[in-house]
Amino acid sequence: MDYIELAEKLVKKSISLGADAAEVFLETNRNLSIGVLKSEIETIEEASSHGAGFRVFVGNKMGFSHCNDLSDRSLEDTVSRAIAFAKLSSPDENNVLTDDIGVTAAKDLYDKSIAAEPMEKKIRMALDLEKLAMKDPRITKSAGAGYGEGESEVFIANSNGILKSYKSSGCSLGVSVVAEKGDQKNTGSEYCSRVFFKDLVSLEGIAALASQRAWELLDPVMINTQKASVLFDPDVARSLLGGIITAVNGERVLQGASFLKDHLNKQFASSLLSITDDGTKQKSLGSAPFDGEGVPTMKNILVQNGILKSFIYNTKTAKRAGVRSTGNASRGGFSSLPGIGTHNIYLEPGKHTGKEIIAATKKGLLLKEVTGYGIDAVSGNFSGGASGFWILNGEIAFPVKGVTIAGKAFDILNGIDMMGNDIDMNRTFAAPIFRVAEMQIGGK
Amino acid sequence: MEKQTVRDIPRRKFLEMSMKSGLLIAATPALMSRLVSCREGVNASSGMDMDKETLSKIITKALEKGGDFADVYLENRISRQIVMEESIFKSGLYGISQGAGVRVISGNKTGYAYTDEITEEKLMRAAEVASYVAHNGNKTIPVNISETSCPSFVTVKQPLCEIADEKRIDIIKRADQAVKDYDPRIRMAMVDYNDEIRGRVIATSEGIYLRDELPLLFFIVQAMSDDGKTRHMARERISYHSGFEMFEKVTPETVARNAAREAIAMLAAEDAPAGIMDVVMQNGWGGVLVHEAVGHPLEADNIAKEIGTFTGKLGKKVASDCFTMVDDGTLPGFRGTINHDDEGTEAKRNILIENGVLKGFMTDILSAKQLSMERTGNGRRESFRYIPIPRMTNTFIDAGKDKPEDILSSTKKGIYVQSLSGGSVNPVTGVFNFTCREAYMIENGKKTKPIKGATLIGSCMDIISNIDAVGNDLDFGVGICGKGQAAEVSAGQPTVRIRGINVGGSKG
C-alpha cells in the first residue's frame, strides 16, 4: 500500500466531506517479542498492524477519529465521524494545524538489519542472558528474560500542505532474577534498548547488573526516622525529575496546574541543575525528524543553572501561550490526539565522580529504588518508598529497605549540592548521580 | 520486574445500586441481542461474522505442528471519548479498533500472532506463526466448536449506540458546571467521558465457541482548587458495564461534587508525619490496597513460575482471622465483571483467602494447567494485541463485623485514609506502595486535620497479618489495572484498620 498517496488522498477526502482543515496520521508497525523462562521459550508473539487517525476542523471546532480497517468504506465512515464530532464541539481559536514544512536531520533512527537477524539467534540471546544472570549462587530463581523488537513508519499529511514520513526501529534485551536468603526475597532486573541491533550491549553486562541488583540489598537494616542527605542513583533520577517534566508541560502551565507556573526565567532550583530535551539526537529511541503533528524537533534547554528557561508546547498550546511550538507534540500512536511530551531528556553532568559524592557524605541514603508517583506536578509535594544503601562517614555501611523519603519539590531541588559526572546518554531519560543535602527519611 | 498499578477513586453506594440492577438479569439475553442488532456503521462487515467452519480451519491449522491447545480471538471495539477542560471541549474522539489473534500453547510455551485484518488468509498466516513454538510438542485433535452459552451479569436499558452525542455532551457540561458551582476556590474542572462497546468471538480447540458484546462506561471528573497559596487536584470516577442509564443512577453532579469536595478539603492540608503508624482506611476505594498488595501476588502466573510471594502457601494461614478476600467476576454491572473471561471460561466468585487461610489463586488456562488447579475465569486480555494472562475482576476484602465508627474511635493516634491516588506492588517480593490522595490525622479516636499526599509502604504478608479490625460497610471503587496490559477492574473493602504501616511524610 502506498501510504503517502493514501495520506494525501485522505486529507482531500476530509475537505470534500466538509472539513475546513484536516490532518491525517498513518502508522504501520511490526513487532516481535520473545520471552524465555528456565531455559525454555515461554512466549513468542509476532504481529504487524496499521491504522489511521483523523484530526479535522470545522471552523475552529475540532473532532478526532481513528480506525485500523483501511478499506475505503471504513476510512470514509471514520472521517465522517470526526467531522460530525467537530460540529458538536466548542470553538477554540487555538485549534490550528502546523504549516512548518521543515524536518530535522535526526540521523540513524532505523536499522533494517533487525528484521534480517534470524529468529533462532534472538531466542538464543534471551536464553543466554537468563543463564548468565543466574550464574551467581546468590541468585535462586529467574523471573524471565526476553528480547523484543519493533519497527514503525509514520506518515503525517495536513491541509496546510504538510506531507512527511519517517521510519524508526528499536530492539531490546532484558532479564529479571530473584535472590533469596532465608525468608528474604529480592528482585533485580536490567535491560538494554537500542535503535540498532549491533549496538545492544553485551549480555554479560546486562546479566551482571540484574544479578547485582537482586543480591545487593539482602540483609537490610531498618534505620530510624531522621533527616539526612539523599543521593539519587541515575536509575532513580526519574522519580524526582519526572514531576518537573509534567510541570513544564505548557498546557498544565496555562491551566495553572503546575508548581512551576510562575517561575519562568526565575531561579527555582540549585545552580547545579540544568535539564535539556533533545529530539534531534542521532541513533536515539527518543528522536524523530518531526513531532507528533509534523513540527520539526529541536534541542530545547528547559532548565539552565537552576533557572527555568522554557516550557514545552505543541502547536495548539503554543498558540494559546503566544509562543512557537517547541516540537514537543507527542502521540501514543494513530489512535491518540497529539499531547505534549519530551524526546531525550538529560541532566547536564557535573564535576564529581560517584565515589567522591559518597566520600563527601557524612550521613545519607544512596537511593537504588524509589516507588510511588514522585513529585506531584500540581502541588509540588514529593513522597515515595525507597531502598538503597546507608552511607556513614563517607562509606557505604549497609543496605536499607522499606523506608520513605519526602519533601517539597522546591526544597529538594534547591538542596541539590553535588552533581555527578558519569552519564549514560543511551537512555531517553539520562542523569548522573546527584546529592540532595537533606531530606526527611521515614523509618522505625 | 514489571510493576503493577491501579489508579482508583472512591465510589459510594456502588454496591447497593448494582445489586438492584442485578434483579434485571433475567431480561438480559433479549437486551443483549438488541445490542448486537444495533452495531454501528461499517462494522457489521468487519469480519466479526466469520463462520464456524473458517474458525475451525484456523484452529486446525494452529495445531498442525503439535501443541496442547489453540484458540482464535476476534475483537471489535467502538469507543468514544469526549474531554472538557477549563469548560472548553478539548477533544471528541471516535475510534474503531478491530483485529484477531491466534494462540497455541505447547507445554509451557505460548505462541501468538495477531492481525488487524480479520480475514481467513491473514488468520491462517497468524496460525502458522503462532504454531512456531509447537514443533516438538504433543499432537492434539481439536474438538469441533459449537455455540456455548454463558449467563450474563450485564443489563442494558439504554444502549450506547442509540444515544445521540448531544446527550453525552450534556452530561459533561452538567459535571463541569457542578464543579465550578461548588466553591469559588475551584479553579478548573476536567471532565473525561468514555464509552465503548467491545465485541468478542472466542473459539477454542476444546470446542468453546462464544460471541458476546460488553458495553462499558467510564466517567472521570477532576477538580483543581487554588487558594493562591496551594493547589490540589482531586478526582472522582464511576464506571459500569451498563447502558446510558448509568447517569440516572449516579448523576454527573454527584460525581462532580465529590471531586470538588475533596479539592476544597485538601487546601487546608498540612505536612504529613513520617514513620510507622496505625492506618484506618475508609471503605470503598481502599480496596485498591488489597488489589495491589494481595491480589497481584495471588495471580497464578508468578505462582506457576514458583517465584510469587504466596508460592507454597496454599491451605496455610497467611493473614489475620478477620481477613477474607474474594475475586468475583459476576457482580452485576460492575466494572470488573466479565461474564466469561477472554479464554471462554465462565466468571465465578472465587474465595482467595478465607478467615486468614489461603484458599486459591486466580488462574488462566495455562497457569491452571501448570499448577493442576481449577480454571477460575481470570484469563483476561486488554485487546487482540495481547495474550490472556491471569488478572483480577472485582476484588475485595469481605465485610466483617466491626462498626466503622468503633474502628475510628478505638484508634488513638494514626492516619485516616479516605482516598488513594493508586499504588503498585512487586508481586515477587510483595513490597507495595500507595500514594494518599485525601487523608487526615487521627488524634484520640477522631479524624482531625487533613494531611498532604503521603506514600504508604509495606509488604503484603505484614499487612494482611496486621489488619485487626474489619468493618461491616463493604463498598467498591473503580480503576484501571496495569500489568504490561490494561484491564478494567473494581476493588472494594469495608473500613479496616492496619497496625503499623510506614508513612512517608515530610515532617519528622
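**View 1. A:I44 stands opposite B:G111 in β4(B)**. Here we look at a place where strands from two chains pair. Strands count as paired if DSSP finds at least two bridges between them, and the strands themselves are DSSP runs of E with at least two residues, numbered from the N terminus, while helices are runs of H or I with at least four. As a reminder, strands of a sheet pair through backbone hydrogen bonds, either parallel or antiparallel. This is a predicted model, in which local features need pLDDT of at least 70 and side-chain atom pairs count only at pLDDT 80 or more, while totals for chains, interfaces and linings use all residues. Residues are numbered from 1 along each chain as its sequence is written, and chains are lettered from A and ligands numbered from 1 in the order in which they are written.

**View 2. The contact between the chains takes 66 residues from chain B and 64 residues from chain A**. Residues are in contact if their C-beta atoms, placed from the backbone, lie within 7 Å. On the chain B side, strand β3 (residues 88–106) gives the largest share, with 11 residues. That side of chain B holds 25 nonpolar, 28 polar and 13 charged residues. In this grouping, Ala, Val, Leu, Ile, Met, Phe, Trp, Tyr, Cys and Pro are nonpolar, Asp, Glu, Lys and Arg are charged, and the others, Gly among them, are polar.

**View 3. Strand β15 of chain A pairs with β14(A) and with β16(A)**. Of the 12 residues in β15(A) (residues 381–392), 11 are buried, meaning that 20 or more other C-beta atoms lie within 10 Å of their own, with C-beta atoms placed from the backbone (12 or fewer would be exposed, and in between is partly exposed). Eight bridges link β15(A) to β14(A) (residues 363–371) in the antiparallel sense; look for A:E369 and its bridge partner A:S387. The pairing of β15(A) with β16(A) (residues 395–408) is also antiparallel, over 11 bridges, and there A:G384 stands opposite A:I405. β15(A) and β16(A) form a hairpin with two residues between them, and A:N393 in the turn has a positive phi of about 50°.

**View 4. A:L366 lies in strand β14 of chain A**. A:L366 counts as buried because it has 23 C-beta neighbours inside 10 Å. Beyond its neighbours within four places in sequence, its contacts include A:L231, A:D233, A:I358 and A:F389. A:F389 is 23 residues from A:L366 in sequence, yet their C-alpha atoms are 5.0 Å apart.

**View 5. An open sheet of five strands in chain A has the order β10-β9-β8-β13-β18, with mixed pairing**. β10 (307–308) and β18 (429–430) of chain A stand at the edges with a single partner strand each, so one side of each has no neighbour in the sheet. β10(A) runs antiparallel to β9(A) (residues 299–304), joined by two bridges, and A:V303 has A:L308 as its bridge partner.

Conventions: Two residues are in contact if their C-beta atoms, placed from the backbone, lie within 7 Å.
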